[in-house]
Amino acid sequence: MKRTMLILASALIMLAANSLKAQDYISPERKAAIDSLALEKVRDLGKYISIIGNKSTPWSEANRVIDRAEELFMQGAEIGVSSLFRNEIQYFMVRTYFERLMRLNYDRVEIEWYNIEYVSDLQRQPDGTFVGVITIFQRFSGYDREGGLVYQDVTKKDITVYVRRKETQIGGRLIGFWDVLLGDIRVKETRQR
């Protein structure tokens, strides 16, 4: 009887360990889907930044887009801001960054993101979260009232990406899924175009 209990306990522990391992494992097909989703979220963010920074975007629309953009990020994430005119890089909370972007002192702003790609593969962390880095290049142009180019730079930025296993209830059943959120956006270099 004692031996049977020991075998049963061992089987339960192995089953629990395999269940945890299954939750932490990402198949190559699933990883490709997660990579694609993360890149899509970064591209969405690039579009949102362009809309928010556009001086012709109505105030109410810009605020609606800020709300959407904020949903892409983890709580507490920061975005770096640089300039050719200063050496220091300033970091702002996500909402503060977008609000400052709306108030830039130009009559017209063009912001373009390009060369969006993973530079570090997703790595599993001790808490089960997967973390990777996506690099983008941002071309910023600010114009005056007469349409003259006042300022322009190109900035390379690294965006940390977090992938976490979550559950949601659908029709009374718990369904697991991988959620992708953006973290800090760090400025790596700023140069003239």
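Predicted model: local features only at pLDDT ≥ 70, side-chain atom pairs only at ≥ 80, totals over all residues.

Analyst: Asp-35 forms a salt bridge with Lys-31, with 2.6 Å between the closest N and O atoms, and Lys-31, at 22% relative accessibility, counts as partly exposed. Both residues belong to helix H2 (residues 28–53), where they are 4 residues apart, about one turn of the helix.

A second pair is formed by Arg-95 and Asp-67, whose side chains meet in a salt bridge at 3.0 Å, N to O. This pair links distant parts of the chain, since Arg-95 lies in helix H4 (residues 94–102) and Asp-67 in helix H3 (residues 59–70), 28 residues apart. Arg-95 is partly exposed with a relative accessible area of 25%, and Asp-67 is partly exposed as well, at 39%. Both residues also take part in a network of salt bridges that links Asp-67, Glu-70, Arg-95 and Glu-99.

Asp-179 is in strand S6 (residues 173–191) and Lys-166 in strand S5 (residues 149–170), so the pair ties together parts that are 13 residues apart in sequence. Asp-179 counts as buried at 19% relative accessibility, whereas Lys-166 is partly exposed, with a relative accessible area of 33%.

For the model as a whole, the count comes to 13 salt bridges.

Conventions: Residues numbered from 1 in each chain as written. Heavy atoms only, no water. Salt bridge = Lys/Arg side-chain N within 4 Å of Asp/Glu carboxyl O. Helix = DSSP H or I, 4+ residues; strand = E, 2+ residues; numbered from the N terminus. Buried < 20%, exposed > 50% of the residue type's maximum accessible area, 1.4 Å probe, protein only.
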